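Please open the structure and follow along.

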Amino acid sequence: MIEFYNQPVYVKNGDTIILETPQNAVQAEKSKQAEKSEKSTIAHKIIAAHNISKNPEQLQLKFDCLASHDITYVGIIQTVRAANADFDRFPVPYVLTNCHNSLCAVGGTTNEDDHVFGLSAAKKYGGIFVPPHIAVIHQYVRETMASCGKMILGSDSHTRYGALGTMGFGEGGGELVKQLLGRTYDIKMPEVVAVYLTGKLRPGVGAQDVALSLINAVFAKNLVKNKILEFIGPGVATLSVDYRMGIDVMTTETACLSSIWATDSKVEEYYTLHGRPSDYTQLQPEPLACYDSLIKIDLSQICPMIAMPFHPSNVFTIETVQKNAADILREIEKNEQETSQQNNFSIQNLLLPNGGMKVDQGIIAGCAGGMYEFIAEATHILSQHAPEMTDAFSLSVYPASQPVYLAMVENGLAAKLLKAGVVLKTAFCGPCFGAGDVPKHNGFSVRHTTRNFPSREGAKPNLGQSAAVALMDSLSVAATAAKQGVLTAADSLLSEKPNVPSYYFNADIYKKRVYIGTNAPQPANQLIYSPGIRDWPNFAPLSENILLVVAAFITDAVTTTDELIPSGETSTFRSNPHLLAEYTLSRKVPGYVKFAKKVANWEETRKTGGSLAEIADNTLQRAFREIPQTEQSANQLTIGSVIYAKKPGDGSAREQAASCQRVLGGFANIAEEYATKRYRSNLINWGLLPFTLPTADNPPNFADGDFIYIPKIKQAVQNKQTQISGFIFPKNGTNTKIIQLELAITDDERDILLAGCLINHFAGV
């Protein structure tokens, strides 16, 4: 079904794979480099057109457009203003959407206050403002901003428009700040992996099934981490554009950096349908293109799939779950109880007497599931099988934009869904991040959305609540609804592909509701602030020496951004750095905030001339007895907290995962590796040192509550040292230990870290 070739691979005329033999490996590598210099892949061509550096391997990229939603845009604009008080215009088209917290039930006036601020910013600086309920961020960009050969940077991890010939990068807000300030996105040229599609999907198999199969094949093995996926091969032509976009948006969950697809007449029809025929260009690799590796997927062999809790890579065929539900659910319970310490999490009641399982809820929503074709096909299943919805199972559908919703109304799909007992809602990303349709305690939801991380559905383990989400294609979600909540694969109900009524895009809604001020800033317009919007605190530059206190020690294989800073209702406080920071690691390490604040108070005591001698912490006193007096003064030494995690940062691009640590007095992370480039960039942009442990030092020789003293860290960063030595003062014990850390950073990253954060760097602090 899926084959991986971890070697340089040539593709001739976009459809013939040529594998190099081992004896030609040296020549193949030379050829690969030659092909790279000729920019033979689609990715290389697009990147070359946006790279302003003279080095094709050390990129400095400028993007054509930017996109943010209402969890991130206030912080981004506040950061820009703090970094440059004279900032007066957005240099490129920048869309501010309001799809993430539009319906939150907490926070008072905060949500609408932020939206008012966003509109005032769009007017002042010349941006685009999409009001709540009109479109989710990625659907709006697809329908109005994508263009073949463009590059778009978004402050959301699912910024993926490759199916439309646009390379999308999802990053933390700091990277958008750099673009707004005229700087560049700096990375080494990533490897390009061909995703070679053959065959044709069978009836009942959808885009999410392909995506989950791909994620299952590559995520755990890190096969495409921080690489670019380029979709080619004869199987591409068999997929509709909606199907391509549905696969493409989920590539984020493979840990890749970006994606791009070969384009054809179907993509041309999409742009024409949306009133932008000139934005289409045929994109194909050169007649002989070289890729760093290749993934071959036979679409005809893909089955209905399900990503069971609590990760998009925990993938099974639906048939496997039906046959082995008891064992699989038992393992899920065990893992959740171990990682969240929630002993009352139980889903055994979902088992059916004759095998299989039932679920409580179905959702089709957002940038992954809310597209027209997916909803239309789900409607076909529900219409054909006349389900009798019960009070024990609910199905909600969120069209990804009002134009999609309008088309559903005009061609009768909306009426059919309503008659089937479906709840129709407006464009909103809530089900994807825990702010809408939260299941009951111990509930189980099947969703065509993007993620199913722990607590991503909105439950609060710190209050004894747990729930579970599984990811499935809209076809199988509808099939499950047709069977009143019994987990069902769509291919068991479909013998042929459903007929989909033609889609006609109507831009009238956007014309009447969206503010478009690109290239028309109004400097006299005032930003409209509210009580919920607060400035960033001041952050000190890197000191000569640092004393780090381990405030969280996480040994899970992967730590998601949602565990570092929970999504859902906590995001209501996104525009108040201090208030949001109160939720840092709240669901994973409940004592983290209190402990980090205690450490920060120690530092504040020293800054204000106080003495630490009276603080009743034996390890702190011991550390100050052993640290040389000449290295202890307030202008020489800073005390701060540090988080250790094996592999932190999987998932969301939200920079709050790092900024909240910094607000609480954090100075560093220590990890075996970082799950994503975007999380590591967030750490650096907020002045947190991204240490890694040498392989020989794993597992770490320190523990929760230990102190780590790193002398001359500023000098080490200035001198471009990659090997960093320090001393561990154990909380339990009296022997001082040596620690060896690694710090691999670029010159630009070094400057930001020395300044203390991105704001200081650009403001010249």
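The sections below visit a helix, an arginine and several aromatic rings, in that order. Please keep in mind that this is a predicted model.

## An enclosed helix

Let us begin with helix α16, which spans residues 474-482. Nine of its nine residues are buried, so the helix is largely enclosed by the rest of the structure. The buried residues run from Ser-474, Leu-475, Ser-476 and Val-477 through Ala-478, Ala-479, Thr-480, Ala-481 and Ala-482.

Just after α16, Gln-484 adopts a positive phi of about 55°.

## A buried arginine

Next, find Arg-451 in the loop between β21 (444-448) and β22 (468-471). Is Arg-451 buried or exposed? Its relative accessibility is 2%, and because the cut-off for buried is under 20%, Arg-451 counts as buried.

What does the side chain of Arg-451 reach? It makes a polar contact with the side chain of Glu-253 at 2.9 Å, and it also reaches the backbone oxygen of Gly-651 at 3.2 Å. Leaving aside residues up to four places away in sequence, Arg-451 touches a set of residues that includes Ser-157, His-158, Thr-252, Pro-312, Val-469, Leu-471 and Ser-652.

## Aromatic pairs

Across the whole structure, a search finds 24 aromatic pairs. One of them joins Phe-310 and Phe-345: the ring centres are 6.0 Å apart and the planes meet at 55°, so this pair is tilted. Phe-310 sits in the loop between β16 (305-307) and β17 (315-317), while Phe-345 sits in the loop between α10 (318-340) and β18 (361-364), so the pair ties together parts that are 35 residues apart in sequence. Phe-310 and Phe-345 are both buried.

Tyr-674 and Tyr-679 also form a tilted pair, with 6.3 Å from centre to centre and 40° between the planes. Both of these tyrosines are buried. Elsewhere, ring pairs link Phe-87, Phe-90, Tyr-94 and Tyr-125 into a cluster.

## Lysines over rings

Finally, take a look at two lysines. Lys-123 lies over the face of Tyr-515, at 5.9 Å from the ring centre. Lys-647 lies over the face of Phe-219, at 5.5 Å from the ring centre.

Notes. Residues are numbered from 1 along each chain as its sequence is written. This is a predicted model: local features need pLDDT of at least 70, side-chain atom pairs count only at pLDDT 80 or more; totals for chains, interfaces and linings use all residues. Side-chain values use heavy atoms; hydrogens and water are left out. Buried means under 20% relative accessible area, exposed over 50%, partly exposed in between (1.4 Å probe, protein chains only). Helices (H or I, at least four residues) and strands (E, at least two) are DSSP runs, numbered from the N terminus. A polar contact is a pair of N or O atoms within 3.5 Å; within protein, one must be able to donate a hydrogen and the other to accept it, and residues adjacent in sequence count only if both atoms are side-chain atoms. Contact means heavy atoms within 4.5 Å. Rings of Phe, Tyr and Trp (its six-membered ring) pair if their centres lie within 6.5 Å; planes under 30 degrees apart count as stacked, over 60 as edge-to-face and the rest as tilted. A charge sits over a ring if NZ of Lys or CZ of Arg is within 6 Å of the ring centre and within 35 degrees of the ring normal.
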